[in-house]
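Subject: Structure handover

Hello,

Here is the structure for you to look over. My notes on the sheet and the salt bridges follow below it.

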Amino acid sequence: MSSLQSISYINELMEKYNLSFKKSLGQNFLIDRNALERIVLEGDISKEDIVLEVGPGIGVMTKELAESAKEVYAVEIDQRLMPVLEETLAGIKNIKLINADILKVDLSFLANKKLKVVANLPYYITTAIIYHLLESDLDIERMVFLVQKEVAQRFVAKVGSKHYGTTSVTLNAYAEVELAFTVKPVCFIPKPKVDSAVIVITPKEDVQFNISLLQKIVKKAFLQRRKKIINALSAKGELCYTKEDWSAFLKQCSIEESKRPDNISVKEYISLAFCLENAGVKE
Ligand code: SAM
């Protein structure tokens, strides 16, 4: 473990700046060098790469990323951490610190550059951050995130499995998603209550279908995951079409009406979104 990552070093820094870990901001700092190095390796970063880091904390991962990358942009919401980061990252010229909320900050100055995103994400907004980045105008080649293991399992869940649900379908429609390895609570300070896992997300180049239509279909289907798809989709609520209409849509996509929502593949949901769009359904 390097000095920057030892528990006593972090505690000293927190004391020096009179700081406490903010649970509400998901502040569980990584203290395990092995996990840190493996995460950076998963980023597949070279000296040509521009890296975006969400939530640098006290800058442990930021420093490591800067050694491999051309430039690192680190967006941290917690104003209290800025002086700490200025100390821990002093003299490293290829790091730009941005004190902002990743969900609100204007990153349009990065829009024409290929990016890699690497982060130990704040767990309270993991999914929001991932979708926000995927739906942004940023040209992201690869994302490597440390997230709660349970969330990672949902992200990579295969059709028919118990974790398969709305996020499995919508995320896998946008991107290839892989679970790289798991990380134990002892690797953090303070220790989270649950295991964590590293996921690698590679956005698909050409997403042609209407994403928000797909999201609505999938959300409606999984609201009643035990029902047959025909009944789940014909229920009241969004996308309110008759059973006959849904029957025709499903037939066009060669999806059996009696299948359950969790037995329908990502590809089949995408074809259903195409089918509705071609029929002039607006999201
Ligand atoms: N990268 C550090 C590490 O690995 O030790 C800290 C990771 S900690 C899990 C999450 C970090 O994200 C915290 O520093 C927290 O303050 C920051 N954060 C929380 N919400 C944020 C947001 N909306 N935008 C930017 N940073 C955020």
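Strands β5 (residues 114-120) and β6 (residues 139-148) pair in the parallel sense, over seven bridges. Two strands count as paired if DSSP finds at least two bridges between them. Within this pair, A119 stands opposite F145 of β6. Strands here are DSSP runs (E, at least two residues), helices likewise (H or I, at least four), and both are numbered from the N terminus.

This is a predicted model: local features need pLDDT of at least 70, side-chain atom pairs count only at pLDDT 80 or more, and totals for chains, interfaces and linings use all residues. Residues are numbered from 1 along each chain as its sequence is written, and side-chain values use heavy atoms, with hydrogens and water left out.

The sheet

β5 and β6 belong to an open sheet of seven strands, ordered β4-β3-β2-β5-β6-β9-β7, with mixed pairing. The edges are β4 (95-99) and β7; each has a single partner strand, so one side of each has no neighbour in the sheet. From one strand to the next, the twist averages 20°. Helix α2 packs on this sheet and touches β5, β6, β7 and β9. Contact means heavy atoms within 4.5 Å. The direction of α2 makes about 165° with that of β7. For such angles, axes are lines fitted to C-alpha atoms (for helices, over the stretch in contact), and values run from 0 to 180 degrees between N-to-C directions.

The salt bridges

The whole structure holds 10 salt bridges. The criterion is a side-chain nitrogen of Lys or Arg within 4 Å of a carboxyl oxygen of Asp or Glu.

- K16 and E87: the closest N and O atoms are 2.8 Å apart. K16 is in helix α1 (residues 7-16) and E87 in helix α4 (residues 82-88), so the bridge ties together parts 71 residues apart in sequence. K16 is exposed, at 57% relative accessibility; E87 is partly exposed, at 31%. The cut-offs are under 20% relative accessible area for buried, over 50% for exposed, and partly exposed in between (1.4 Å probe, protein chains only).
- E64 and R33: N to O is 3.4 Å. The pair links helix α3 (residues 60-68) with helix α2 (residues 33-42). E64 is buried at 14%, whereas R33 is partly exposed at 23%.
- K184 and D195: N to O is 3.1 Å. Both residues are partly exposed, K184 at 48% and D195 at 22%.

Finally, shared partners join R33, E37 and E64 into one salt-bridge network.

Best wishes
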